[in-house]
Amino acid sequence: MYYQSSRGQSTAVKAAEAIVMGIAPDGGLFVPDFIPRLKNDFMTAMSQMTYQQRAEAILTLYLTDFTADEIDACVNKAYNKEKFDHSSIAPLVKVEEGFFSLELWHGPTSAFKDMALQLLPHLMTISAAKNQEKREIVILVATSGDTGKAALAGFQDVPGTRIVVFYPQDGVSKVQQRQMTTQEGNNVYVAAVIGNFDDAQSGVKKIFADPAFNERLNDHNMKLSSANSINWGRLVPQIVYYVSAYLDLVAGKHINAGDKINIVVPTGNFGNILAAYYASMMGVPVHKLICASNANNVLTDFIQTGTYDRNRQFAKTISPSMDILISSNLERLLYEMTGHDHERICQWMKDLQQQGKYDVDEETRLKIPDKFWAGYCSDDETRATIKSVWEQKQYLLDPHTAVAVNVWDKYRQTTGDNTVTVIASTASPFKFGQSVAEALLDIADGDEFELLQKLADLTGKDIPAAIEELKTKEIRHKTECSGDNMPETLMSLLQLPD
Ligand SMILES: *Cc1c(COP(=O)(O)O)cnc(C)c1O
């Protein structure tokens with residue numbers, strides 16, 4: 001299988017090259033040149049498999065330049081007992097009849113990013129070797145919180161790599177910040193950007209697009225790559241758990257093989273929901289993909305109107321990993337929805353860059369609601385949802401997952417559709433314990449770690465060990481910079497002369 005650029009101005013590459021490059025030279029995203037179909041007997045065979053075997057089966061369809069042994073090694077290094085605290089890796093938990101929570105947060109950093117970022121470093125080092133890459137790979141990440149820590153944990157001390165993470169100083173929770181600033185490892189660098197996530201992401205995109213800067217790194221035998229959700233090596237592991245969840249529903253006799261389901265995804269950069277879309281294109285029977293946003297509801301408007309307009313107030317919410325106004329992965333959806341029309345995509349992305357907005361054509365606008373439904377909710381609604389789901393169903397939601405549940409409620413009220421639904425649960429409630437405690441206990445403030453303990457006492461759930469130990473860990477990373485100073489900061493973190 002080959003990977004094209006969504007903008008059509010770069011040559012097609014194999015998976016290993018797409019993974020090391022991260023983004024295509026023309027600024028587009030790598031997209032598979034076709035989407036493999038899951039035949040019925042293949043689905044049946046997979047239903048007997050473990051999560052790891054399902055992952056291998058699906059990765060094999062996309063990473064056709066990897067050997068079976070290579071894929072097996074990557075999967076086993078990523079999804080194992082040391083890294084995940086649940087033997088099913090991504091367990092599907094029944095909350096009530098017709099409502100299933102796909103818990104994607106049993107990995108080392110307690111958020112769904114681990115599902116991809118435990119695997120990516122291994123895909124990356126094998127890819128680099130395949131490409132005869134001799135330079136050191138410098139992973140450059142802009143994070144809204146969860147990606148940063150998950151990438152640091154994934155790449156920590158992986159030979160031949162370094163990792164540099166920029167996070168928005170005021171855009172992450174205290175636990176998230178501590179997770180990053182305490183990160184250990186000899187190849188890890190962390191800096192706080194004075195600004196919001198889009199400032200950090202724009203800074204990183206500029207560095208990637210700056211030939212002179214990349215030339216300087218090359219002189220030091222280094223090469224930039226990305227672990228952001230635009231990297232194909234992050235998307236493909238995410239397809240696995242949607243297929244796996246469907247197989248689990250059939251195996252548990254909650255649906256019959258072939259029945260359609262709804263999938264609700266709390267969305268920011270559009271990566272996780274895009275993986276669900278790929279799963280449906282591969283043949284997983286999906287009625288609607290429900291795109292849930294917080295007050296940064298640019299995607300809700302887009303799906304409803306066909307106009308993407310980022311010219312709006314950026315809102316800081318209690319679901320910070322979704323505080324995003326530029327959903328980069330949407331470009332891949334447009335690629336599929338337009339039947340791979342590079343020209344239209346180039347025009348829209350140019351409009352986005354120059355005017356902060358674009359309008360898709362009539363045909364595309366009408367096509368999107370066939371598959372997608374979108375809604376959003378406020379922080380008050382998020383807190384109310386956490387409280388009511390806990391009180392009525394004894395299921396504890398983190399604020400991101402609560403956004404999804406709230407929007408799902410709105411969907412059912414609007415449409416009356418009661419199709420069996422899988423909600424992507426993207427973080428442990430303890431990762432955002434402050435907001436969850438506020439919602440349940442009506443506490444407005446307090447020491448975050450004391451609140452986590454109160455939450456544990458109230459709910460009878462355990463604080464994940466990796467979060468508990470943050471209390472006493474040493475802060476190792478203290479660098480701060482402005483969005484404009486990110487290139488210089490990167491050079492000095494890497495200890496390279498100007
Ligand atoms: C990253 C993240 C999201 C958003 O996922 P996208 O792939 O960016 O849409 C939602 N919830 C949590 C907890 C996250 O970490």
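**Exercise 1.** What is the distance from an oxygen atom of the ligand to an N or O atom in the side chain of D146?

*Solution.* Some ground rules before we start: this is a predicted model, where local features need pLDDT of at least 70, side-chain atom pairs count only at pLDDT 80 or more, and totals for chains, interfaces and linings use all residues. Residues are numbered from 1 along each chain as its sequence is written, and side-chain values use heavy atoms, with hydrogens and water left out.

Step 1: go to the side chain of D146, where an N or O atom is 2.4 Å from a ligand oxygen. That's a polar contact (a pair of N or O atoms within 3.5 Å).

Step 2: check the burial. Alone, the ligand exposes 380 Å², and the protein buries 98% of that (Shrake-Rupley accessible areas, 1.4 Å probe).

**Exercise 2.** Work out the strand order of the open three-stranded sheet.

*Solution.* Step 1: strands here are DSSP E runs of at least two residues, numbered from the N terminus, and two of them pair if DSSP finds at least two bridges between them.

Step 1: β1 (residues 2–5) pairs with β3 over three antiparallel bridges; S5, for instance, has F30 in β3 as its bridge partner.

Step 2: the order comes out as β2-β1-β3, with antiparallel pairing. β2 (13–14) and β3 (30–32) each have a single partner strand, so one side of each lacks a neighbour in the sheet.

Key. Polar contact = N/O pair within 3.5 Å; in protein donor to acceptor, adjacent residues only side chain to side chain. Helix = DSSP H or I, 4+ residues; strand = E, 2+ residues; numbered from the N terminus.
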